[in-house]
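Me: I have a structure open and would like to talk it through. Can you take my questions as they come?

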Amino acid sequence: MSEQKWFDEIFNPFEVHRHYYKEIIYSGQTQYQKIEIYLSPVFGKMLVIDGEVQSSQIDEYIYHESLVHPAMILHPHPQRVGIIGGGEGSTLREVLKHKSVEEIVMVDIDDEIVKTCKKYLSEFHRGAYDDNKVKLIIMDARKYIEKVPEGYFDVLISDIVEPYTLGPASYLFTKEFYYMIQKALGEEGVFSLQASHLRITDYYLHSSISKTLKTIFPIVNSFGAYVPSFDTNWGFILATNKKDPLLLTVNKVNEHISEKVKGILKFYDGEAHQHIFSIDKTLRSLIETEGRIISDSEPLTLSPRNFE
């Protein structure tokens, strides 16, 4: 196999994950990021942004079901849902599976990534953008959220890239932004977000996000799922004012899915819920003791090529 047929995802100076690909389906540079779509013989279509694998055709459902459904079933009757980022449309697809949803507002800063994913990743979004419940807004999510009426959303989901530079994404991880998120949520509101790697060699961003959210929300829970195309356990966080996802039993989760969700979930059910919220002792300790509070005056940026 030719050397030109490999791309490297660099985790740190001493760890590189290599992927062989059959062809490059798309490559382009937007105002904000570099977008590449590869065709892998193992993972199918792979969306890569700024050299980081975002999702793959074969396993994206693991990531997106984890990000969406624990939050959606934790709310008693989610009608208005906001999605921050999520340009490929898979998060949107999963939210639309919930029968109670009446309105979804998706806010993404980069119109080009939305257009690209609409065109090349139909297997991911499966026409979700065409649903009449969906309102797509192209703008900085922070500028949008700060103008949202108090208590407007039942569930907010953040599916954005990690803050590797002092760009717009950096200010979507700060305590000031999370305060805006809490205000935009109703009393029973739930906030779910992707929260970077969750492993003992790479936890600093996750633990910092957790620490920052705990300055705003009374209930903050980390959880994670192994995503094969990422080749790592990926972290998520649920933040709420009232409901604790750790109190949901296997039977209760399955009951909620049966009542609230249309269609089939491939990954998430009651047993999976128990599994993804069960974090080992080492990681629990690192999340609790490491990291720092992220603020507008001290935003956090991490380089994928260097240890923090």
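This is a predicted model: local features need pLDDT of at least 70, side-chain atom pairs count only at pLDDT 80 or more; totals for chains, interfaces and linings use all residues.

Me: How many helices and strands does the protein chain have?

Reply: The protein chain has 10 helices and 13 strands. Helices (H or I, at least four residues) and strands (E, at least two) are DSSP runs, numbered from the N terminus.

Me: What is the radius of gyration of the protein chain?

Reply: For the protein chain it is 18 Å, close to the 19 Å that the globule rule gives for 308 residues, so the chain is as compact as a globular protein of that length. The radius is taken over C-alpha atoms, and the rule is 2.2 Å times the number of residues to the power 0.38. Along the principal axes, the C-alpha atoms fill a box of roughly 55 × 45 × 40 Å.

Me: What percentage of the 308 residues is buried?

Reply: Buried residues make up 56% of them. Buried means under 20% relative accessible area, exposed means over 50%, and partly exposed is in between (1.4 Å probe, protein chains only).

Me: Which residues touch the most other members of the largest nonpolar core?

Reply: Leu92, Val95 and Ile104 do, in a core of 54 residues. Helix H1 (residues 60-74) gives the most to this core, with nine residues. A nonpolar core is a set of buried Ala, Val, Leu, Ile, Met, Phe, Trp, Tyr and Cys residues joined through side-chain atoms within 4.5 Å.

Me: What is Leu92 in contact with, leaving aside neighbours within four places in sequence?

Reply: Leu92 is in contact with Ile83, Ile104, Met106, Ala128, Tyr129 and Val134. Contact means heavy atoms within 4.5 Å.

Me: How far apart are the end C-alpha atoms of H1?

Reply: They are 22 Å apart, which agrees with the 21 Å that its 15 residues should span at 1.5 Å a residue. The expected span is 1.5 Å times one less than the number of residues. Since 15 of the 15 residues of H1 are buried, the helix is largely enclosed by the rest of the structure.

Me: And Arg142, buried or exposed?

Reply: Arg142 is buried, with a relative accessible area of 15%. Arg142 lies in helix H5 (residues 141-145). Leaving aside neighbours within four places in sequence, the contacts of Arg142 include Tyr171, Glu176 and Asp296.

Me: New topic. How many salt bridges does the structure hold?

Reply: The structure holds 16 salt bridges. A salt bridge is a side-chain nitrogen of Lys or Arg within 4 Å of a carboxyl oxygen of Asp or Glu. One of them joins Arg80 and Glu103, with the closest N and O atoms 3.6 Å apart. Arg80 lies in strand S7 (residues 80-85) and Glu103 in strand S8 (residues 103-108), so this pair ties together parts that are 23 residues apart in sequence.

Me: Which residue pairs with Lys242?

Reply: Lys242 forms a salt bridge with Glu187, the closest N and O atoms being 2.9 Å apart. Lys242 is in the loop between strand S13 (232-240) and helix H8 (250-260) and Glu187 is in strand S11 (residues 185-197), so the pair ties together parts that are 55 residues apart in sequence. Lys242 is partly exposed at 44% relative accessible area, and Glu187 counts as exposed at 57%.

Me: Which residues are linked in a network of salt bridges?

Reply: Glu60, Arg93, Glu94, Lys97 and Arg126 are.

Me: Last one. What is phi at Asp50 and Asp231?

Reply: Phi of Asp50 is near 50°, and phi of Asp231 is near 55°. Most residues other than glycine have a negative phi. Asp50 is in the loop between strand S5 (44-49) and strand S6 (52-56), whereas Asp231 is in the loop between strand S12 (219-227) and S13.

Terms used. Residues are numbered from 1 along each chain as its sequence is written. Side-chain values use heavy atoms; hydrogens and water are left out.
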